[in-house]
Amino acid sequence: MTGVEERPSETERRTALQVRGLTKRFGTTVALNSIDVDVAEGEVRGLVGRNGAGKSTLIAAVTGVLSPDAGTISFPSLDQDGLRREQRVACVYQKSALVPFLTAAENIVVDRYPTNGAGLVNWNAARQRATSLLGEWGAAHVVDDVVNTLDPLQRKIVEICRALSTGARILLLDEPTAGLDGDATKTLFEHMAKLTGQGITILYVSHYLEEIFEVCETVTVMRDGGVVATRPLEGLTVGDLVSAMVGGDAVARELDTPVLLPEDPDDEPLLSSKGISVEGAVEDFSVEIRPGECVGLAGLEGSGIFEVAEAIAGLRPREGGTLSVRGKVVPPSNVMKAIKSGIGFLPEDRHTSGFVPDLANEENATLSVLHRLTSSFGAISPRSRRKVYSELSRAWEIKQASFQQTTKELSGGNQQKVALARAFASKPEVLVLANPTAGVDVSAKTSIVNSISERVANDRTACLIVSTDESEFQPCSRVLVLYRGRLAAELRAPWTEHQLAAAVQGEVSSAPDVK
C-alpha cells in the first residue's frame with residue numbers, strides 16, 4: 001500500500017477497540033465464546049473465518065446491533081471524548097444499504113439531515129457535507145447522481161462516505177470488494193490507506209485471504225465462535241490461515257448420506273456444458289453429469305458459482321459455450337425452454353425468488369408446471385394441481401396446516417421444502433440446486449439432504465449442488481471449485497475440509513488429490 005502517513009510504532013499506538021470475554025448465545029448455539037480482541041488506532045485488522053465462525057455476530061455486537069450475553073466492548077482511545085457508539089463505529093456491509101432512487105448526497109445524509117432554524121432540511125448544507133466527503137475520494141462529481149446510475153466502485157464510495165459522515169473513527173468493512181473489478185479494488189485499497197493515515201481504524205472482513213495479505217497488518221482468525229489466533233501477517237501464508245480456520249484435517253462429512261456415483265461411468269451424460277461464460281462473472285465453465293450422479297460446485301462469494309447455476313437454468317444470459325440435456329441443445333436465456341428441456345432449478349435465495357409469499361403452498365410448488373395443469377380453455381385445473389401437489393407434499397414431508405396455507409406462514413425448513421418441491425415438480429432429468437439447505441435448522445438440513453439424495457438415486461437424475469456451505473455436498477462424488485470465475489480444481493470424495501478450504505482460495509497446490 002502507498003500513500004500512508006508515517007504512524008506511531010505498535011507500542012506507541014493507543015487501543016481503538018477492546019473486546020473482553022464477549023459471549024453471545026442463540027438458544028443452545030454459542031455464536032461467540034468469550035472473545036478477546038484488541039485493535040490499535042490506525043490499524044487495518046483482518047478478520048477471517050469460515051461461514052458460521054462468528055464474524056458477523058462479532059461485528060453486530062461491536063456496532064450495537066446485538067447485545068452480548070456477557071463481556072464488554074470499549075473504545076479506549078475514544079472514550080474520553082464522550083461520543084455515542086454510532087459516532088465511534090460505522091459499518092459498510094456486503095449487501096448494499098443504499099436507497100437506489102436517491103442521489104449520492106441524499107444517501108450520505110439520509111438518516112442525519114442537517115436542518116435550519118425552522119426545522120426544515122438544509123439542502124445546501126447537506127450537499128456541501130456530501131461533496132466534502134466524496135471529494136476526499138475523488139468522487140465529488142457524483143454528488144447529484146442517482147445511486148442506481150453509479151458504477152460499483154462509486155456506490156461503494158458513497159456507502160463508505162455515509163458511514164464516515166458521523167465522524168466515526170472505527171470503520172468495519174464486510175467483504176468490501178464484492179462486485180468490484182481489479183482496478184476498482186486497487187483504488188479502494190489506496191483510499192483505505194489514506195484513511196488509516198488519518199488515524200482511522202479498519203476492521204476488514206473478507207473470504208478472499210489474498211486481500212487480507214494485501215491490505216492488513218495483522219489478522220484475527222475465528223473458528224466455531226472463538227478466536228484461535230491473532231498474529232502479524234508477516235511470515236504467514238494463505239495456507240497458514242486456511243489451517244487456522246479449518247483446525248483439524250478431518251474428512252468433510254457430517255451426515256450419514258451415501259455418495260451418489262453414476263451406475264455406469266460410461267453412460268452418456270444427462271447434463272453437458274462446454275465453455276459456458278457469463279459476462280463479468282464466469283469464463284469457460286464445463287461439466288458433464290451422468291444419470292444418478294451428484295456433483296458439487298463450490299466457491300467463495302463472488303466466485304461465479306451462482307451465475308453458473310442461473311445460466312444453466314435460463315435465468316442469466318450465456319455469453320458463450322453450449323448446454324445440452326441428453327444431447328439436445330438447450331437455448332440460452334429462456335427459463336421455460338430450460339424447464340421443458342428437463343432442467344429443474346432451486347434459486348439461491350428462497351425469500352426473493354424461491355416462492356411467492358402470499359400464494360398457497362400448492363400454488364407455489366406447481367408454478368413450474370402450470371403448462372401441464374392448464375385446460376384447452378386456458379384455465380388451471382384445481383383438481384390437477386391438487387393431485388400433483390399431494391404427491392409432492394408427501395414426498396418432501398411438508399408440515400402444513402393445509403394445502404391452501406400461504407407459504408410465508410411455514411417454518412423456514414418447510415418453506416425450503418416447498419421451493420424444492422417446485423424444482424422437482426416438472427420431474428426434471430437435471431437438477432440445479434443452489435443453497436438447498438440455506439436458513440434451515442440441523443434436523444431440517446438432514447431431512448432435505450437425505451431427500452435430495454434419495455430422489456436423485458431413485459430417479460437417476462443428474463444433480464448439480466451449488467453452494468458456499470460444504471455440508472451440502474454430502475451426496476456429491478466430486479466437487480468442482482470456481483475461483484474468481486474460472487474452474488480451479490476438482491476434488492473427488494472423500495476430500496478433507498482443508499483441501500476444500502484451500503481450493504476455494506485458489507491454493508490448488510495445497511489441496512492433495514485435486515485434478
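Mentor: We start with accessibility: buried means under 20% relative accessible area, exposed over 50%, and partly exposed in between (1.4 Å probe, protein chains only). This is a predicted model, in which local features need pLDDT of at least 70 and side-chain atom pairs count only at pLDDT 80 or more, while totals for chains, interfaces and linings use all residues. Residues are numbered from 1 along each chain as its sequence is written, and side-chain values use heavy atoms, with hydrogens and water left out.

Trainee: Why is Asp 469 called partly exposed?

Mentor: Its relative accessible area is 26%, which lies between the limits of 20% and 50%, so Asp 469 is partly exposed.

Trainee: What makes Asp 469 and Lys 445 a salt bridge?

Mentor: The term requires a side-chain nitrogen of Lys or Arg within 4 Å of a carboxyl oxygen of Asp or Glu; here the closest N and O atoms are 3.0 Å apart, so the pair qualifies.

Trainee: Is Lys 445 buried or exposed?

Mentor: Lys 445 has 17% relative accessibility, which is under 20%, and therefore counts as buried.

Trainee: Why is Arg 326 called exposed?

Mentor: Its relative accessible area of 54% is over 50%, so the label exposed applies.
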